[in-house]
Amino acid sequence: MLASAMPAESALSGLALARAFYAREIAPLLALHFPRLAHAAGLIGPGSEVLGYDSQRSRDHHWGPRALLFLRDGDLLRDRAAVHACLADHLPHSFEGFATNFGDPVSANGVRLMAPTSSGPVQHLIEILSVRGHAKARLGIDTERPLANRDWLALPQQRLLETTKGEIFHDAVGEITALRARLAYFPDDVWRYMLASQWQKISQEEAFVGRTAEAGDPLGSRLVAARLVREMMRLCFLIEKRYWPYAKWFGTAFAELEIAAQISPSFDAALAAGDFAAREAALARAYEVIAARHNRLGVTPPLDPTVRLYHGRPFRVIGADRFAAAVRATIGDSQLRALDLFGAADQFVDSTDVLEKPGAFGATGAVYGP
């Protein structure tokens, strides 16, 4: 990016920049030129600034004075081109020292960079769209249809975060505010099914840390331990009813959980352990912290939160299948309760190419049967 595109020392976050840009530049132009046009404005969707994690590094791609404008479907068809042109003609060429002009896309996914200019129309990065169009493009859902429990299971949590995080600066229509409220978190039965499934995933590998070490495979033991740490971290997100983000921000978001301060030292120790005994001891501590936290939920009758030997073998585990079965029994939706514990799409799919495409992640619902 050209050095003059932005002030090098500015500490302004992307969300704060967008909020000020809307209030001081976009809103006055809309009030003057389109006084009767009801709209919503905010910053949601992809971008580290939407999650509040942007830094100086974030500014090298698709970052700067930008916003989303949401119009009603009919108004979008009638006024989109005129609003776009009005903003291009009347916006300043810089705001808070940042270029408001953006160059053409530099990648297949539409990433654009700030490109300073001093004259002519501004190639701004203000997206003008409808709530229904945004939901279809980002989530693959129709806002005019109810979401069934199986529909929820196909929605990647990163996409749900992109919709529910960020900020809506103004909403005279109500549609985007209603969508964000509707998607704030999973319905209770869906959450219970995912919680049971996450315990099930842990149960399937918890004994393998010891078995691989016993078989003379220290690398395999470390690898399984790392997998279990990730699955326990995901379980913590579910216990605290927080969506988890994709890999880049997974650890950052985990550190914000209530349980993180208590359990992170055990995770660090398990990942750093040079031998099986230390690795197992660290994992055992983590299991017992999570089991006790599970009991605090009150979702199931209290379960023994102490580790035990795995069916007589000398490997200490929590017996995660006990928790999976107990949670599953509390699911009110009989169809969900009867499903195999695959979990939601991003519990059993690791492919970015699947989780980034609504048509692909929507198709994961086929795993649950007709």
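This is a predicted model: local features need pLDDT of at least 70, side-chain atom pairs count only at pLDDT 80 or more; totals for chains, interfaces and linings use all residues.
Colleague: How do α10 and α13 pack, and at what angle?

Modeller: Two packed helices are described by the angle between their axes and the distance between the axes. Axes are lines fitted to C-alpha atoms, for helices over the stretch in contact, and angles run from 0 to 180 degrees between N-to-C directions. Here α10 (residues 218-239) and α13 (residues 276-297) pack at about 15°, with axes 11 Å apart. They are therefore roughly parallel to each other (under 35 degrees counts as roughly parallel, over 145 as roughly antiparallel, 65 to 115 as roughly perpendicular, the rest as oblique).

Colleague: Which residues make that contact?

Modeller: Contact means heavy atoms within 4.5 Å. Among the residues on α10 are Leu 228, Val 229 and Met 232, and α13 brings others including Leu 283, Tyr 287 and Ile 290. By class, this contact of α10 with α13 has 13 nonpolar, two polar and three charged residues (Ala, Val, Leu, Ile, Met, Phe, Trp, Tyr, Cys and Pro count as nonpolar, Asp, Glu, Lys and Arg as charged, and the others, Gly among them, as polar).

Colleague: At what angle does α8 cross α13?

Modeller: The axes of α8 (residues 188-203) and α13 cross at roughly 160° and come within 14 Å, so these two helices are roughly antiparallel. Trp 191 and Trp 199 are among the α8 residues in this contact, and Tyr 287 and His 294 are among those of α13. The contact of α8 with α13 has eight nonpolar, one polar and no charged residues.

Colleague: How close do the axes of α8 and α14 come?

Modeller: They come within 7 Å, crossing at roughly 160°, with α14 covering residues 320-328. That makes α8 and α14 roughly antiparallel, therefore. In α8, Leu 195 and Trp 199 are among the residues that meet α14, whose side includes Phe 323 and Val 327. The contact of α8 with α14 divides into eight nonpolar, two polar and three charged residues.

Colleague: Now the strands: what is their order in the open sheet?

Modeller: Two strands pair if DSSP finds at least two bridges between them. The four strands run in the order β5-β2-β1-β6, with mixed pairing. β5 (125-129) and β6 (167-171) are the edges, each pairing on one side only. Strand β2 (residues 66-70) runs parallel to β5, joined by five bridges; Phe 70 is partnered with Leu 129 of β5.

Colleague: Which strands does helix α1 lie across?

Modeller: α1 (residues 14-33) lies across β1 (40-43), β2, β5 and β6, at about 15° to β6. Helix α3 (residues 73-90) lies across β2 and β5, at about 170° to β5.

Colleague: And how many residues sit between β7 and β8 in their hairpin?

Modeller: Two, and His 311 in the turn has a positive phi of about 45°. β7 (residues 308-310) and β8 (residues 313-317) pair in the antiparallel sense over three bridges.

Key. Residues are numbered from 1 along each chain as its sequence is written. Side-chain values use heavy atoms; hydrogens and water are left out.
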